[in-house]
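Take a look at the protein below. We will go from the overall picture to its strand pairing.

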Amino acid sequence: MRVGPDGKPRRRYKVTTGPAAVIIAIVNGKLLIQWHYREIPNEPNTWIWELPAGRVDAGENFIQAGIRELKEETGFIPKAKEEVKLIFNPYSSPGFTDEVKGFVLVECGEQKEQELESGEFLQLHLKAPEELKQMLAKGEIVDLATLLGVYYYLYTYLPGLKGSG
Ligand SMILES: [Mg+2]
């Protein structure tokens, strides 16, 4: 049992999932986002907006997992593998799970075959900045990682492009 800063023992429920990669994928300047089927507890048959994402397999790092998941879920491959970047890797919800999510920025090149797993249902969309701002304003993005990725794209990635001329 762990001891807290006050010296008292602490007992907590924990969910152990291991790390996941979330992909901020740019296709011709637009953000690739999925309309994704999810079985959210107590909200059956729900479709939500999500960035491509998936578990990091044994032996992979975030970048390798991101590139693999992007190809499987969307068919896209990076324009230049060596330019794929890990942006940040925060805890999802540190009070009860060890899950960290590595946000991987990918400039997409060619689109090849999608390789969806059975039970995985998603539609691919490309969204321009103005459309994403509308979606945010209407509260249409309800997945925390997707919110973070969309904010990164709008308010860090795009201004960075202008900065670099
Ligand atoms: Mg996935």
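What percentage of the 165 residues in the protein is buried? Buried residues make up 25% of them. Here a residue is buried if 20 or more other C-beta atoms lie within 10 Å of its own, exposed if 12 or fewer, and partly exposed in between, with C-beta atoms placed from the backbone.

This is a predicted model: local features need pLDDT of at least 70, side-chain atom pairs count only at pLDDT 80 or more, and totals for chains, interfaces and linings use all residues. Residues are numbered from 1 along each chain as its sequence is written.

The C-alpha trace spans about 55 × 40 × 40 Å along its principal axes. The protein has three helices and 10 strands. These are DSSP runs, numbered from the N terminus: helices are H or I with at least four residues, strands are E with at least two. From the N terminus, the order is β-β-β-β-β-β-α-β-β-β-β-α-α. Take contacts between residues at least 6 apart in sequence: 68% join residues at least 24 apart. A contact means C-beta atoms, placed from the backbone, within 7 Å.

Now follow strand S4 (residues 30-40). Strands pair if DSSP finds at least two bridges between them. S4 runs antiparallel to S3 (residues 20-27), joined by two bridges. Val27 stands opposite Lys30 in S4. Two residues separate S3 and S4 in a hairpin, and Asn28 in the turn has a positive phi of about 50 degrees.

S4 also pairs with S5 (residues 43-50), antiparallel, over six bridges. Tyr37 has Trp47 in S5 as its bridge partner. This hairpin, too, has two residues between its strands. Asn42 in the turn has a positive phi of about 70 degrees.

A further antiparallel pairing links S4 to S10 (residues 122-127) over six bridges. There, Gln34 has Leu124 in S10 as its bridge partner.

Notes: Contact = placed C-beta atoms within 7 Å.
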